[in-house]
Amino acid sequence: MSAASRAPLRSTRTAARVRDRVRRRAALAVGAAVSALLVSACGSGGTSGGGGETGFITGADGISTAGKGERADAPDLSGETVDGGHLDVDDYKGKVVVLNVWGSWCPPCRAEAKNFEKVYQDVKDQGVQFVGINTRDTSTGPARAFEKEFGVSYPSLYDPAGKLMLRFEKGTLNPQAIPSTLIIDRDGKVAARTLQALSEEKLRTMLEPYLPGEPDESEK
């Protein structure tokens, strides 16, 4: 092979190596961002937020709320589900959405799973939709097994790298741990958040102010 004919080949290989490096760096950057976001991942949760410029407060029960005028729009939360379907949370606008971030590997998530299914069955005919975000499971197999074990009937987006969680703006009621639970109001805005596993009673307490027919939390 002549030197002239080898030159384009070397150029192609160099370009391929550059593309590979760019992809690896992008993947590492996403991974680092997710790790920073989930610094308290799979613990008992805690409180976050407060007054000041955040526009929300955290009660002694660990539930943070935002008044109607202070709520941020929920970001685009759409994609493949654990069972291979497609889901877009925006399609539920007009309903109250309970958004739960979970992983099959997470003991607190396993502890609260039956509580979520029980409450869901009680309120699903009241204009309420539950949606999960399954994260950091490397395949959908363990996630599907989790849903089967605990009888979870509502859908979950499959988000192994945590990209959906990164779409929430900083300084808002964003998920910061696994598990995290958010309430999205009927206008598609994030109204409440907790960063801890929930008992049935605490989940009902968190959800009740946003049920149809109840005064909104900010109007009490």
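**Exercise 1.** Is Arg136 buried, partly exposed or exposed?

*Solution.* Start with the ground rules: this is a predicted model, where local features need pLDDT of at least 70 and side-chain atom pairs count only at pLDDT 80 or more, while totals for chains, interfaces and linings use all residues. Residues are numbered from 1 along each chain as its sequence is written, and side-chain values use heavy atoms, leaving out hydrogens and water.

Now take the cut-offs: buried is under 20% relative accessible area, exposed is over 50%, and partly exposed is in between (1.4 Å probe, protein chains only). With a relative accessible area of 42%, Arg136 is partly exposed. Next, find its place: the loop between strand E6 (128–135) and helix H3 (140–150). Helices (H or I, at least four residues) and strands (E, at least two) are DSSP runs, numbered from the N terminus. Finally, check the backbone: phi of Arg136 is near 65°, a positive value in a residue other than glycine.

**Exercise 2.** Which peptide bond is cis?

*Solution.* Follow the chain to Ile178 and Pro179: the bond from one to the other is cis, with omega near 5°. Pro179 belongs to the loop between strands E7 (156–159) and E8 (180–184).
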